[in-house]
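This report is for a reader new to the structure.

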Amino acid sequence: MDGLINALYSIPVAGVLFQLAGYLVNVVPDISPLILQAATPIALAALCGVMCERAGVVNIGIEGIMITAAFVGWYSGVLLVPVLGTTAIGPFGMSLALVVALGVALASGVVISALHAWLSISVRADQIISGTIINIAAFGLTGYLNNLIAKTSPNGAGAFTQFRPPREVTDIPVIGWILNMFLNQGPIAMSVIVLVVIFQILLFRSRWGLRSRAVGEHPRAAETVGIDVIRVRYRNVLIGGVFAALGGAYLSMEATNSFQQGMTTGRGFIGLAAMIVGRWSPVGAFGAALLFSSSTALGNSIKFSPPSGDLGTILTSLPDQVYDALPYLVTIVILAGVVGRSIPPAADGQAYEREAAT
Amino acid sequence: MRTRFPGLALLVGLAIIASACTSASSPSASAAPSAANPCAGATAHSGGTHVFPTDKTKWKIGVTTDVGTVNDKNFNEYTFNGAKQAAAALGAAVPPVVVPKDASELAKNIQGFVNQNFDIIVTAGFNNGQATTCAAHANPDIWFIGVDQGPPCVTPDGQPDGAFKCAGDAKTLLPKYVAISFQEDQAGYLAGMAAATMSKSGTLGAIGGITLCGPCVRYIQGFQLGAQKVNPNSVLKVAWVTTSDFTKAFNDPTTGKNFGAQFITQNKPDVLFQVAGKTGNGILDAACDASILGIGVDVDQALSYPNAAKCTLTSAEKKLLLATSTDIANIVAGTQKGGDDHWDAKRDGIGYSPFHDLESKIPSGLKAQLDAAFAAMKAGTLKTCPDKCGDISTLPK
């Protein structure tokens with residue numbers, strides 16, 4: 001075995017790769033829960049994108065839905081705490097106020113999505129424009145209301161706390177760190193993997209999924225076999241709204257306990273990129289979100305504790321900007337077709353008009 | 001046609017991100033003014049040379065804040081309170097205050113006060129720097145106080161210098177523009193002493209928002225020297241949230257919390273100093289989650305960010321209220337000069353915040369030590385910044 005290792009070191013490239021693998025094995029288990037946390041809002045945004053676009057509706061307004069839900073959730077918490085108190089009623093530091101506020105946040109996401117659905121499905125407005133309007137309005141409105149209402153910068157209803165898995169679980173060899181990654185989380189981050197798996201199965205194995213995809217690929221054909229295209233599209237956009245709102249609520253109710261103007265900082269759009277990289281499938285999008293967040297985390301890791309040896313010399317000599325750009329470089333490489341072409345649903349972004357019954 | 005929509009969608013997305021970035025409430029060192037004229041829109045007031053009232057109760061003082069809210073327990077609030085206090089001392093009217101909806105309104109709000117012939121216009125925060133310089137250039141006969149905007153950097157013709165060559169002499173070019181600056185390294189030094197005293201492991205951390213932020217570098221440089229003064233064996237780990245993105249650096253608590261948590265996991269500090277604005281609020285959250293101590297920045301963060309008060313040891317403070325109110329009083333008294341108005345320990349311009357909830361855990365000698373260091377700063381006998389002050393290369397990784 002030693003002989004093999006020495007042989008590997010004698011070839012510089014192999015040696016560096018070997019060191020890289022060793023470094024990853026060393027650092028990734030420690031930071032794996034953080035990688036999932038950073039991926040959570042992106043993955044939820046991507047899931048919203050998948051829901052909408054699989055049924056043929058482009059949703060650029062994800063960012064706007066997220067910021068709205070982040071604001072509404074946080075501010076409902078502020079209003080509800082005096083009424084409902086902060087007594088914990090369940091795991092994850094759940095109080096009645098917090099749970100109700102989350103419900104309100106999700107409802108706000110549905111409302112905004114309904115607006116997008118109405119504009120792009122019923123009114124048949126340009127879907128890009130409709131989404132853009134939602135983004136601009138949501139940013140302006142939440143910023144304005146935040147200025148107006150939150151003069152005393154009140155506390156929200158608290159944040160969902162993380163579950164801490166026992167050491168016996170996280171210390172299990174080989175898979176302990178993966179369990180830690182998915183269990184050492186708050187409820188929203190933990191729910192992502194569940195949602196992704198469920199909707200992957202539903203989308204490709206259920207009647208609803210088949211209908212959604214049919215509507216997204218060829219609505220006219222779907223209509224001729226008796227599928228109500230308008231209804232399917234509405235339903236999918238509204239479900240998507242719940243996901244995006246959950247991503248927004250994550251920012252102000254789980255990751256932090258506060259709202260900042262513009263706190264989504266482009267996560268909705270990165271979610272759309274994750275959706276495309278993941279080829280419009282929930283699992284693919286989740287994987288892409290993880291890829292983005294782990295490249296950021298790895299960049300940070302190299303800054304915090306650089307590896308030793310040749311690899312360390314190489315990595316630390318690169319300017320910091322390279323690591324900032326890493327997620328975007330990964331996106332460009334993937335979109336350039338390195339891992340095959342990413343093809344959207346055929347009717348994506350096209351309004352559907354029933355043939356007039358004369 | 002098929003692939004058009006995702007591409008177009010991303011393009012629109014990028015455009016919006018880009019516009020969000022430019023309007024973010026963060027120091028705009030990136031303010032390479034878009035080509036032509038950075039001062040378009042800044043015009044002179046009407047009615048000839050401005051005449052200041054002889055009756056000091058008739059002075060008209062206006063405040064324009066940075067993006068956010070007035071009562072933010074941060075730059076906006078303490079600047080406004082400073083102006084209010086000064087006006088009350090003069091017997092003048094309570095200063096009106098305007099809050100911009102986004103960065104595009106900063107200049108408009110200042111111009112509003114100019115058009116109404118105000119005598120003193122106070123603008124809060126680094127973000128207002130360019131707009132204030134422009135207004136001062138167009139109106140050399142009225143007073144401007146720019147809080148945290150010094151030293152002013154202007155071109156030889158008195159315009160804001162996006163290239164940061166600072167060839168012009170602001171004192172003579174803009175004689176009534178008072179650009180307040182603070183000695184961040186002194187405040188950082190006091191925080192560093194407190195941190196090293198409270199640290200059990202001797203490993204300290206500091207996280208700055210963006211590498212381009214000179215004041216952030218000085219805070220951390222002072223922090224390092226202060227920590228070494230108390231414990232020469234203490235180790236300081238420094239990291240920067242980003243090298244390029246101002247929104248991420250100062251306005252994204254979610255990123256801050258994630259970044260801070262990873263920093264704590266990998267570097268294992270037991271006291272963590274944040275110099276990253278609202279992104280830093282997330283860093284304080286991460287410190288609380290990891291059961292270590294955090295140190296706030298600029299204002300008393302146990303008050304400005306009560307979420308993390310239980311683990312916020314103290315904050316490296318700029319005395320915004322004192323600087324603003326004193327300068328207004330000096331202007332009315334006729335003793336204030338324009339240019340860089342520097343606030344250091346000598347003028348009580350910096351300090352450390354009370355320990356609040358953690359008071360009972362503080363060793364008895366710490367306050368005396370901090371006060372002694374502060375006295376030495378006042379006397380000018382304490383070096384709080386390395387020779388290359390503001391140079392990021394002096395900091396450890």
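In which sense do β1(B) and β3(B) pair, and over how many bridges? The two strands pair in the parallel sense, over four bridges. This is a predicted model, in which local features need pLDDT of at least 70, side-chain atom pairs count only at pLDDT 80 or more, and totals for chains, interfaces and linings use all residues. Residues are numbered from 1 along each chain as its sequence is written, while chains are lettered from A and ligands numbered from 1 in the order in which they are written. Helices (H or I, at least four residues) and strands (E, at least two) are DSSP runs numbered from the N terminus, and two strands pair if DSSP finds at least two bridges between them.

**The parallel sheet**

In chain B, six strands in the order β2-β1-β3-β4-β5-β11 form an open sheet with parallel pairing. Its edges are β2 (97–98) and β11 (339–343) of chain B; each has a single partner strand, so one side of each is left without a neighbour in the sheet.

Strand β3 (residues 120–124) of chain B is joined to β4 (residues 143–147) of chain B by five bridges. Some facing residues are listed here.

| Residue | Opposite residue |
|---|---|
| B:V63 | B:V122 in β3(B) |

**The mixed sheet**

Another open sheet of chain B has six strands in the order β7-β6-β8-β9-β10-β12, with mixed pairing. Here β7 and β12 (350–352) of chain B are the edge strands, each pairing on one side only. Strand β10 (residues 312–318) of chain B runs antiparallel to β12(B), and three bridges join them. Within this pair, B:E317 stands opposite B:G351.

**The contact between chains**

Residues are in contact if their C-beta atoms, placed from the backbone, lie within 7 Å. Chain B gives 49 residues to the contact and chain A gives 46 residues. On the side of chain B that touches chain A, α1 (4–22) and α10 (277–289) of chain B are among the elements that each supply at least two residues. The most comes from α9(B), with eleven residues.

Definitions and conventions
Two residues are in contact if their C-beta atoms, placed from the backbone, lie within 7 Å.
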